[in-house]
Amino acid sequence: QLLYNFLDQTSVWNPGVYLCGDDVAQEMKTLGGAPYQNLFYFINYNVLSGDHVAAGLPITPLVIGSTVGLPAAGYIFQDAGVPDTLFAYGGCPLINDFDVLQATGTAVEAMEYNPAGTGAVLTQATVNAQNMTARFVLSGFDYIYIRDDIVWFPWDYLKYMMGICRWFENPIDDPTGADAPAVTSLAQNYPNPFNPTTTIEFSLKENAHVSLKVYNVAGQLVRTLADKDLLAGKYTNYIWDGMDNNSQPVASGVYFYRLVTKNFNQTRKMMLLK
């Protein structure tokens with residue numbers, strides 16, 4: 001009731017609430033009652049599952065920000081149209097059971113679990129009784145379980161909170177810190193499975209020559225995405241469109257992408273569905 005009054009009656013600024021935690025969204029729906037029903041006016045949702053593993057997700061799922069719409073509409077976890085990514089660390093599956101959410105009404109699925117594409121973080125902006133815009137962020141996992149999918153500054157838990165604070169219209173500066181990744185790494189492509197395109201991200205801790213190539217299950221080269229010298233940093237703009245080196249579409253199936261650079265060699269699997 002206190003949260004509802006804060007959201008509904010604040011009249012001198014636009015109020016905001018961020019609520020997170022394993023099973024919090026599920027318990028709110030289960031307990032019901034007038035205080036919760038009032039609060040649901042500011043956050044519209046259904047709980048598809050109170051246990052992400054039982055819903056078919058990995059113990060530690062990748063969580064991806066939405067790039068549909070504008071930040072003002074609630075899509076706050078993106079950077080210049082590139083979705084933010086993080087891991088929700090499952091730890092012990094007997095302890096951590098994240099809520100799988102579905103946006104209803106005017107709520108927005110601002111982050112989704114991958115590969116299921118179901119709601120991990122919801123946002124909603126609602127005009128309150130005092131004609132102010134009340135903003136709500138509801139997460140199916142606890143903030144303390146955010147982990148980096150790529151070791152890169154700003155850390156994912158920091159970038160995640162920056163997005164929320166700025167959406168709540170709090171003016172905060174960009175953080176300062178290291179301007180290069182701590183390690184070289186290759187991220188899982190997204191979306192995966194995909195059609196027709198997928199994005200491959202990687203980071204370089206130092207300047208180096210980089211080879212990024214796509215292979216079929218027979219080990220044959222399909223497409224060269226990069227074969228050149230690159231500066232240290234994070235790269236988020238490598239997209240494979242399902243074409244081979246002759247600009248011909250390839251068949252549906254499993255493919256592998258391989259990053260080779262100084263003292264680093266890693267291969268990951270992806271699936272093209274048509």
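**A helix residue and its setting**

Tutor: M162 lies in helix α4, which covers residues 156-167; helices here are DSSP runs of H or I with at least four residues, and strands are runs of E with at least two, both numbered from the N terminus. The model is a predicted one, in which local features need pLDDT of at least 70 and side-chain atom pairs count only at pLDDT 80 or more, while totals for chains, interfaces and linings use all residues. Residues are numbered from 1 along each chain as its sequence is written, and side-chain values use heavy atoms, with hydrogens and water left out.

With a relative accessible area of 10%, M162 is buried, a label that means under 20%, whereas exposed means over 50% and partly exposed lies in between, with a 1.4 Å probe and protein chains only.

G90 is found in the loop between β6 and β7, the latter strand being residues 100-103, and G90 counts as buried because its relative accessibility is 0%. Leaving aside residues up to four places away in sequence, G90 touches I59, T60, N96 and F98, where contact means heavy atoms within 4.5 Å. G90 and E201, by contrast, are separated by 111 residues in sequence and by 23 Å in space, C-alpha to C-alpha. W13, in the loop between α1 (2-9) and β1 (16-19), counts as partly exposed, since its relative accessibility is 48%.

The strand β6, at residues 85-88, is joined by three bridges to β3, at residues 62-65, and the two run antiparallel; two strands are taken to pair if DSSP finds at least two bridges between them. Within this pair I64 stands opposite T85 of β6. Strand β6 is also joined to β11 (residues 146-147), again antiparallel, by two bridges, and A88 has I146 of β11 as its bridge partner.

Elsewhere, an open sheet is formed by three strands in the order β12-β13-β16, with antiparallel pairing. Its edge strands, each pairing on one side only, are β12 (185-186) and β16 (233-240). Two bridges join β12 to β13, which spans residues 198-204, and there L186 has F202 as its bridge partner in β13. In a regular strand the side chains alternate between the two faces of the sheet.

For the chain as a whole, there are four helices and 18 strands. The radius of gyration is 21 Å, close to the 19 Å that the globule rule gives for 274 residues, so the chain is as compact as a globular protein of that length; this radius is taken over C-alpha atoms, and the rule is 2.2 Å times the number of residues to the power 0.38. Along its principal axes the C-alpha trace spans about 60 × 40 × 35 Å. Of the 274 residues, 46% count as buried, and M162 and G90 carry that label too. Among contacts with a separation of 6 or more, 60% come from residues 24 or more positions apart.
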